[in-house]
Amino acid sequence: DTRQVHSGLVPDGRHFVSRARDEASSWRGTYKAPIPASALANRMGAYVQAYTLYNSVRPFGITAIVGGYDAETEVDVDGAVGSGPKMGSGGKTPGAKQGGPYLYMIEPSGLYWGYYGAATGKGRQAAKAELEKLNLDPSKGEVIGLEEGVKEAARIIYAAHEDSKDKEFELEMTWVSAVNGPTKGRHEEVPKELREEAERLAKKALEGEDDMEE
């Protein structure tokens, strides 16, 4: 299940979403399965990049973030083709899996990169600074849980919005988990109770920072 958000020109964003839906539909029609997040990012990156090649069209005026949770399946064979077995019969490691959560950011040039956490828009620098403080890389130890991630995301959004605090905004949040998690692999809105709690904690954290500055 894959979703996307973007910052920049609204009409360009709508066109991007429409094209992404077409790509997902085409993939399902061909392979009879949902499109993996990596494949969607690859196809959309190529599509966006094509708009930089001709003088009859202009480049996209958006930066998009594509995220999803791909079905987890066992890895058939480990290692490069022709390198020979590494473990077990035929080089298959018992329990080794592929799939899981993926997050990509697609630039207006068509370049796309994979991230553990990403931000785009006006407050992206402040948000990136806060994201770097979190342990989101599984190779570096235990990462934050799903509910804690929602609370941290709310805190970061409120912190990044601090420079424009005179402007009201409405926080919308979605999440996706593994099939044995609360969303069962589907992208859904964060439950109202959890979102409101996350907002309350985010506002409290901001008030604490203001008191320290005073």
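Four strands make an open sheet, ordered E1-E2-E3-E4, with antiparallel pairing. This is a predicted model in which local features need pLDDT of at least 70 and side-chain atom pairs count only at pLDDT 80 or more, while totals for chains, interfaces and linings use all residues. Residues are numbered from 1 along each chain as its sequence is written, and side-chain values use heavy atoms, with hydrogens and water left out.

Q: What makes E1 and E4 the edge strands?
A: E1 and strand E4 (112-114) each pair on one side only. Pairing here takes at least two bridges found by DSSP between two strands. From one strand to the next, the twist averages 20°.

Q: What makes E2 and E3 a pair?
A: Nine bridges do, again in the antiparallel sense, between E2 and strand E3 (residues 97-106). One spot to look at is Gly67, which stands opposite Leu103 in E3.

Q: How many helices and strands does the protein chain have, and what counts as one?
A: The count is five helices and six strands. Read from the N terminus, the elements go β-α-α-β-β-β-α-α-β-β-α.

Q: Why are H1 and H2 called oblique?
A: The axes of helix H1 (residues 10-31) and helix H2 (residues 37-50) cross at roughly 130° and come within 10 Å. Angles under 35 degrees count as roughly parallel, over 145 as roughly antiparallel, 65 to 115 as roughly perpendicular, and the rest as oblique. H1 and H2 are therefore oblique to each other. As for the axes, they are lines fitted to C-alpha atoms, for helices over the stretch in contact, and the angles run from 0 to 180 degrees between N-to-C directions.

Q: Which hand does the crossing of H1 and H2 have?
A: H1 passes H2 in a right-handed crossing. That label applies if the near helix is turned clockwise from the far one by less than a right angle, and left-handed if anticlockwise.

Q: Which residues of H1 and H2 meet?
A: From H1, His15, Phe16, Arg19, Ala20, Glu23, Ser26 and Trp27 meet Ala39, Leu40, Arg43, Met44, Tyr47 and Val48 in H2. By class, that contact has eight nonpolar, two polar and three charged residues. Ala, Val, Leu, Ile, Met, Phe, Trp, Tyr, Cys and Pro count as nonpolar, Asp, Glu, Lys and Arg as charged, and the others, Gly among them, as polar.

Q: What does H2 touch in the sheet?
A: H2 packs on the sheet and touches E1, E2, E3 and E4. The direction of H2 makes about 25° with that of E3. Contact means heavy atoms within 4.5 Å.

Q: Why is Thr2 called buried?
A: Thr2, in strand E1, has a relative accessible area of 17%. Buried means under 20%, exposed over 50%, and partly exposed in between (1.4 Å probe, protein chains only), so Thr2 is buried. Leaving aside residues up to four places away in sequence, Thr2 touches Ile35, Ala37, Leu40, Val66, Gly67 and Gly68.

Q: Why does Thr73 count as partly exposed?
A: Thr73 is in strand E2, and its relative accessibility is 39%, so Thr73 counts as partly exposed. Thr73 and Lys97 are 24 residues apart in sequence and 5.4 Å apart in space, C-alpha to C-alpha.

Q: Why does Lys32 count as exposed?
A: At 69% relative accessibility, Lys32 counts as exposed. Lys32 lies in the loop between H1 and H2, and its phi is near 55°, a positive value in a residue other than glycine.

Q: What makes Lys184 exposed?
A: Its relative accessible area of 59% does. Lys184 sits in the loop between strand E5 (174-175) and strand E6 (188-189), also with phi near 55°.

Definitions and conventions: Helix = DSSP H or I, 4+ residues; strand = E, 2+ residues; numbered from the N terminus.
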